[in-house]
Structures are given as structure tokens and as C-alpha cells.
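Trainee: Could you take me for a close look at one part of this structure, step by step? I would like to know how it is put together and what surrounds it.

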Amino acid sequence: MQNPGEGTRPGGSFAVSCERVTFSYPGSAQPALSGVSFALRRGEYVGVVGPNGGGKSTLVRLLNGLLKPESGRVLVSGRDPATEPFEVRKHLGVLFQNPENGLVAPFVEDDVAFGLENLGVPREEMRERVARAVRAVGLQGYERREPHTLSGGEKQRVALAGLLAVEPEILVLDEPTSMLDAAGRREVLKHLGDLRFEKTVLHVTHHLEELLDADRILVLNGGELVADETPERLFSNADFLRENSLLLPVVPRLALELGFPPAKLRTPEELAEAILARTQSGTRSL
Amino acid sequence: MTTRSLGQFYPVSSPVHALDPRAKIIATAIFVVGLFLIDSTAGLLFVAAALVALVAVSRIPAGTFLRLLRPVLYIVALTVLFQIFFSREGVILFEWGFLEVHSGGLRMGLFLALRILLLVSSAGLLTATTAPVALADGIEDLLSPLKRVRFPAHEVAMMMTIALRFIPTLGEEAEKIQRAQAARGADFSEGGPLRRARSFLPVLIPLTVGAFRRADELADAMESRGYRGGEGRTRYRELRYRMSDAIALALTLLVLLVGIVL
Amino acid sequence: MKLELRDVGHVYARGTPFQVEALRGVSLVVEPGEVLAIVGGTGSGKSTLAQHMNLLLVPTSGEVLVDAVDATTLTKSELRRRVGLVFQFPESALFAPTVEEDVAFAPRQLGLDEEEVTERVLESLRALGAEELAARSPFALSGGEKRRVAIAGVLAMGPEVLVLDEPTAGLDPAAREDLLALILGLREAGVSVVLVSHDLDEVAEVADRVCALHEGRVSAVGTAAEVFYADPTRAPATVRVASLLRGASPGIGHPVRFRETLDALRAQQGT
């Protein structure tokens with residue numbers, strides 16, 4: 001099998017690879033990440049979960065070069081973010097948790113253009129790409145709005161547009177909905193959902209229901225990678241979830257307790273249907 | 001909730017708003033210098049009339065514009081009073097005990113008051129008719145020749161843009177913190193000035209700490225988006241001089257010349 | 001303490017072009033020792049309503065009554081002591097050099113003597129599971145720890161009613177569970193809790209009664225079961241599941257909390 005690290009070169013089947021990555025924050029006794037190894041295939045949609053302080057945010061920052069590992073190796077599209085951060089950032093975009101502190105410019109369209117300006121994209125091309133990105137997140141008409149007049153969901157969509165304009169193949173989402181209300185979360189998740197088929201996505205979150213469609217879920221606890229499983233297998237293991245401070249949302253939890261596969265039923269309606277179907281088939285067999 | 005404070009951008013479309021920001025900055029600079037070259041009240045009044053006309057053309061409501069001047073009213077009043085009571089020029093208009101009001105003092109007070117108001121108005125008009133991004137772009141462009149002597153023109157402009165972007169956000173944050181502390185029993189209205197100043201610590205401290213944290217997060221976000229200073233950067237906004245800019249500059253010079261002559 | 005809002009209306013920026021009517025004719029009662037949830041979308045007026053409970057905002061029409069007495073006749077400090085309000089993301093207001101001092105701020109503002117203050121500080125930190133944090137700097141804490149300290153700071157006032165505006169926003173599941181447990185604990189101790197939340201599943205676990213706001217008006221009020229079953233499409237997941245099955249099995253009843261819903265569904269399956 002192809003070495004994942006080598007496989008992240010253009011044309012290879014891997015987008016990101018981490019090999020025994022270790023990192024400690026200065027002045028901290030415990031490493032924030034310890035010997036973490038995993039790889040993302042091109043086009044995969046992988047979730048990352050775990051308790052706060054477990055290393056999720058650290059991982060994100062190692063992937064885009066904001067932090068450098070003390071040992072081990074990170075490769076993104078064939079490049080090392082520690083030595084070539086600028087190059088890597090063309091291929092890997094990060095959507096952070098707090099959209100407020102990620103918006104640089106006084107107007108929406110200027111902010112969306114920010115990444116393109118940094119890349120030295122010529123003006124004509126910028127205008128087109130900005131317009132396209134704004135459309136992709138459904139914010140046509142918002143171009144001249146000021147960030148502080150926007151709702152949380154809208155701000156996060158502006159941030160997303162800013163990422164999309166740069167056209168990275170890989171998207172890393174660092175708890176993108178945790179500061180949003182229900183409506184904002186729905187908005188943002190809808191647009192993220194549209195993207196997962198075009199891009200390789202790494203989605204860090206506390207909300208397990210956002211990962212029902214994920215190919216795999218990585219669990220980070222205490223800086224270690226303690227699991228790399230499909231949603232189905234992860235959600236079915238109640239003890240493991242508890243040990244790692246993971247909480248299933250209501251519907252999958254009910255499903256699990258009632259003996260249904262927890263990752264297949266997402267909405268209350270689907271669960272109700274499944275229960276009705278089972279009762280009916282039960283009475284029919286009597 | 002928007003905070004319309006000193007000199008904030010008023011977004012309407014007008015011929016003045018459409019002018020190139022560099023032209024407006026240069027015009028304002030020339031205006032400020034010119035103000036100090038005018039030595040007659042008549043000249044200042046003429047220039048004031050021209051400025052009023054300009055405010056009208058820029059479609060900024062009178063009320064909004066006058067609010068820009070509110071913070072300086074104290075200084076203006078002090079200046080006028082100082083001149084009135086301490087000048088010994090001209091004829092005595094009336095006496096009151098040992099205080100003498102001379103006609104010269106009155107005239108000088110008026111003159112200085114006008115000049116201060118015009119100074120503030122010109123700066124206010126600049127920021128009211130020029131979007132912060134445009135302003136920063138204009139400044140960066142005008143300062144860029146200085147890059148040759150290693151002056152960080154781009155960084156200065158970027159700092160300004162970011163500061164301008166966060167003013168309303170920090171304003172809202174300050175309000176929010178104030179309300180939270182009020183809910184904990186903080187009272188910002190009681191006691192003498194020293195006591196009141198101290199009572200703002202529970203607002204200032206978290207606001208400042210929060211601002212630093214924001215700065216960190218913003219720096220991370222900017223770097224993550226490929227920011228590495230001004231090198232190799234292109235600009236989304238275009239700055240182009242037009243005929244109207246030349247006309248505006250010419251008019252400014254003309255008005256000032258008339259004012260100086262008067 | 002019985003806190004009542006009678007026909008409360010609130011207009012922001014009256015007389016200016018930015019005028020907005022955030023609350024219209026809201027009448028609501030907070031009974032002693034209950035958990036009342038206020039739900040509604042963004043812009044429904046939830047936060048505005050919360051700020052009327054301790055008169056941080058004054059109604060432009062209608063009145064706020066504390067034990068049948070007009071709240072505007074009480075002194076500000078008295079009212080804010082009896083009705084504690086914790087804003088969303090309250091940790092942004094932490095400012096003292098140590099956690100102890102920060103939590104002591106409110107009791108000191110109330111003019112209590114140092115002994116009483118120390119006791120209150122200890123009690124509230126304990127209630128929030130944050131005693132070990134006492135000597136640390138609030139700025140060096142994790143998000144969840146900061147949140148707990150901020151809430152302790154308000155709890156230290158010894159309020160009879162505690163209003164929490166989106167207290168679990170941004171918290172991880174473990175911290176969220178702890179907070180919900182705290183709410184139930186406060187209720188046991190006789191403190192009424194007003195929980196403003198957009199998360200209906202969370203509300204389902206702790207609320208006795210629910211008040212739904214829509215565009216500044218009360219669209220429904222009653223027990224959690226009453227309000228949620230009246231409109232199951234806009235209800236917590238537990239209610240949505242149960243209501244879809246009630247047609248076939250009315251024996252399910254009206255469960256709201258997770259445990260009782262699970263039990264009801266299991267019982268129904270057993271038949």
C-alpha cells in the first residue's frame with residue numbers, strides 16, 4: 001500500500017497525512033498531542049471529536065502551519081506546513097470557531113477578497129471569484145454590509161466564502177457552529193453539506209449529529225488518537241462514548257437504547273417510522 | 001445597535017462620496033494648511049459657507065454632521081471665553097468688576113472658534129464621505145513612495161482598516177460588559193469623578209483583555225488565509241483619479257485663495 | 001419570590017428612525033422554586049425579556065412586579081440582588097486578579113461584611129464545582145471554567161430568581177450536562193431559574209414550564225408538556241418522536257424528558 005505521506009503528493013490518493021505527530025505548548029507539562037497518526041484520503045469527509053483540551057484545536061493548527069510539531073511529520077498535498085505554510089494554505093483552508101474575530105475588512109466583499117489579495121491574484125480575476133464565492137454561500141446582496149450588522153450564521157458564511165474564493169481542495173472546520181444559535185447552525189451546515197462532495201473535509205465538532213454522514217470519525221482524548229471508526233460503530237459503543245465525554249444527540253441515543261442502529265436514524269420522524277414499522281411487523285407475526 | 005460617533009462613515013451616494021479618497025485626503029490636508037494662512041474672519045466665514053455647501057452636496061443630514069462637532073464644543077467655548085476675558089485689544093465693550101470685555105477679544109474669540117470648527121468639520125467630512133477601507137487604501141497609496149525608505153505603509157494602512165472594522169464591535173462589547181457588571185450591582189453613576197473612573201475598571205479590564213484575545217485570533221485567521229505582509233499583495237479595490245478629482249482639488253485651492261485674500 | 005411581568009412592552013430607540021418594538025404585551029409569571037424556560041428564535045425578544053426581569057431594561061409599557069410590588073419602587077441594588085441575571089458568554093466580564101476576588105465583586109457591591117462575602121464566595125464556587133479555581137487568575141482558565149466562575153459571581157448575590165441567557169452556548173457536552181445539573185440543583189434549593197435557550201432538547205431536560213416568544217409576543221405558555229405537544233413540529237426531539245407514535249399508542253402519554261420518553265417508548269414496544 002502507498003505510504004500515506006508519499007501519497008499526499010499531487011495525483012496521490014491522500015490529501016493529508018500525520019505521522020506520529022507530537023506537540024506541547026510552551027510551559028505545559030503534558031503534550032497537547034502525542035504520537036498522533038492518521039491520513040485523509042482525497043474526497044473523504046472525516047470528523048474529529050473529543051473533550052475540550054484533548055488536542056482537536058492543536059491538530060487544526062498543526063495542519064495549516066500555525067504550529068510546528070516537535071516530532072513527527074505532517075504532510076498536506078505533498079508539502080510540510082511547518083516549512084511551507086504559505087503554499088499549504090493555498091490548498092487547505094480553515095474555518096474557525098468564532099467568525100467575529102476572523103473578519104478583517106469593514107465590508108463583506110472586501111473580506112471575501114482578502115485571501116485572494118494575499119495570493120496576489122489579479123484584480124479582474126478576484127472580482128469574478130469573489131462574486132462566485134458570495135453566491136456559493138447564498139449571500140448575494142450582502143456585499144457592502146458591515147460585519148457587525150450580520151448575524152452569527154451570516155458572519156460564518158462570509159468566512160466560508162472567503163475560504164472558498166481561494167479554492168482549496170481541503171477544508172478544515174474547527175467547531176464552526178459552536179457559537180451559533182439553531183438557525184445559524186442550520187444555515188452554515190447546509191452550505192457545508194453542499195461542499196463535502198467537492199472537497200476533502202476534516203470537521204472538528206462537539207455535535208455528533210453533524211457527523212452522521214462522515215466516512216470516519218477520529219476521537220482525540222488527552223492528546224492521543226483513541227479511535228478511528230465509522231459513525232455507526234462509534235455511536236453503538238455507549239461505554240466508549242461515555243469514557244470520552246461524548247454525548248450522542250437525542251435521536252441516535254433513543255435509537256441505540258431501543259435497539260436500532262444509531263447512525264442510520266437521524267430525525268425524530270425517521271425514528272418514529274422505524275418504531276412503527278417494527279411494532280407492525282411484530283403484531284403481524286403474532 | 002450602531003454607534004455613530006466622531007467622524008464615522010455615512011453611507012449614501014453623492015458626488016463627494018464618489019471622489020477618489022486620495023484626492024479627498026490631499027484636499028483636506030491642503031484645507032487644513034490653508035486655514036492657518038487665512039487671517040481674517042471674513043475669509044473664514046467665506047470658507048465656512050463653502051464647506052456648508054459641500055456638506056449639502058455630500059447628502060449628509062445637517063443633524064448628523066452637527067453631532068460630529070459636539071465633542072469639540074467644550075474646547076471652542078473655552079477658547080472663546082479665554083479670548084473674551086483676557087484680551088486687551090480694541091475698545092472696551094463692557095466691564096463687570098475687574099473683568100473687561102474688549103471688542104478685540106470678541107473678534108479674536110470668534111475667529112479662533114471658527115477656525116477650530118472648520119478644522120474638525122473638514123476631518124469629519126473626510127471620514128463621513130470616505131469608507132474606512134477606501135481611506136486606508138488612499139493612505140497606503142499616498143504613503144507608498146515612503147516604502148523606499150522602509151516606511152511600513154502597507155502595515156499602517158492594514159492596522160487602520162482593522163481598527164476601523166473593530167470600532168463598532170468593541171463598542172458593542174463595552175456595552176455588553178457594562179450591562180453584565182450592572183447586573184452584578186456595579187453602579188457607574190455614583191460618587192465623585194475619581195470614584196466613577198475607578199468604577200469603570202470592571203469594564204475596561206475585560207474589554208482590554210478581550211481585545212488582545214481578539215487580536216490573537218485575528219492574527220491566526222489572517223495568517224491562515226495566507227497573509228504575510230504587503231509583499232506580493234494585490235488590491236481588490238481600485239483607485240483611479242478622474243476629472244472630478246482634479247476639479248475638486250482645484251475648487252479647494254480656489255476657495256482657500258479667496259479666503260486668504262479676503 | 002413571585003416575579004410577574006404584566007403586559008410588558010419595550011420599544012428600542014423610540015422616536016428615531018431605528019425604532020424597534022422588541023416586546024409587545026408580554027404577561028408572564030415566574031413561580032417560586034420552578035424552572036421556567038423562555039424559547040423562541042433570534043429576534044423573538046428573549047434577551048430583551050430577560051433584561052426586564054431585574055429592570056436592567058425598563059418597560060416602555062406595562063409593569064414588572066416582585067411579590068405583587070412594583071419593581072420600580074425597589075432600589076436597584078435590592079432588585080439586582082434578588083433577581084440575578086447571567087448574560088450570554090458571561091466570561092467576557094471577568095476582570096479581577098483572582099477568581100475569588102471576581103466572585104466577591106457582587107456581594108461586596110451589596111455592602112456585605114467581609115466574613116459574609118468570603119462565605120458566599122466559597123458557597124457559590126462549590127455550587128459550580130469550582131472551589132479549586134479560587135486562587136487562579138480568571139484569564140488563565142479554560143472556557144468551561146471561566147463560564148462557571150462567571151455564573152458563581154452572580155450566584156454569590158444569593159438571588160431568589162436566577163435568569164440565565166443561553167448558559168450552555170459554546171460549551172462541550174460534559175460542561176453542558178454539569179450546567180443542566182446545576183439548574184436542577186438550584187431548583188431543589190428553592191431558587192427559581194429562568195432559562196433562556198434556543199436549544200429545545202436542553203429545555204426538555206430541565207424545564208417545568210415553558211414560555212414561547214414569537215416576534216415579541218407570547219405565543220404559548222404552560223407546562224413543558226402542554227406547550228410542546230400543542231405544536232410538536234417545533235418541539236424537542238423527544239416530543240416529536242412521542243407525538244408521532246401517540247396516534248397508534250395513546251398509552252405513551254406526554255413524555256418530555258429523555259428518561260421518561262425512553263421508558264414510555266419501551267413500554268409501548270413491549271405491548
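Mentor: Happy to, and one rule comes before the rest: two strands count as paired if DSSP finds at least two bridges between them. Strands themselves are DSSP runs (E, at least two residues), helices are runs of H or I with at least four residues, and each kind is numbered from the N terminus. Please keep in mind that this is a predicted model, in which local features need pLDDT of at least 70 and side-chain atom pairs count only at pLDDT 80 or more, while totals for chains, interfaces and linings use all residues. Residues are numbered from 1 along each chain as its sequence is written, and chains are lettered from A and ligands numbered from 1 in the order in which they are written.

Let's look at the strands of chain A. Strand 1 (residues 14–23) of chain A pairs with strand 4 (residues 71–76) of chain A in the antiparallel sense, over 5 bridges. With strand 2 (residues 33–41) of chain A, strand 1 of chain A also pairs in the antiparallel sense, here over 6 bridges. Strand 1 of chain A is mostly covered, with 7 of its 10 residues buried. Here, buried means 20 or more other C-beta atoms within 10 Å of the residue's own, exposed means 12 or fewer, and partly exposed is in between, with C-beta atoms placed from the backbone.

Now move along to strand 8 (residues 216–221) of chain A. It is largely enclosed by the rest of the structure, because 5 of its 6 residues are buried. Strand 3 (residues 45–49) of chain A pairs with strand 8 of chain A in the parallel sense over 4 bridges, and Val49(A) stands opposite Val219(A) there. Strand 9 (residues 224–229) of chain A pairs with strand 8 of chain A in the antiparallel sense over 5 bridges, and here Val219(A) stands opposite Ala227(A). The hairpin of strand 8 and strand 9 of chain A has 2 residues between the strands, and Gly222(A) takes a positive phi near 60° in it.

What surrounds these strands? Chain A also touches a neighbour. The contact takes 30 residues from chain A and 28 residues from chain B, where two residues are in contact if their C-beta atoms, placed from the backbone, lie within 7 Å. On the chain A side, the elements that give two or more residues are helix 3 (85–91), helix 4 (108–118) and helix 5 (123–136) of chain A. Helix 4 of chain A gives the largest share, 6 residues. Sorted by class, the side of chain A that touches chain B has 15 nonpolar, 9 polar and 6 charged residues. In this scheme Ala, Val, Leu, Ile, Met, Phe, Trp, Tyr, Cys and Pro are nonpolar, Asp, Glu, Lys and Arg are charged, and the others, Gly among them, are polar.
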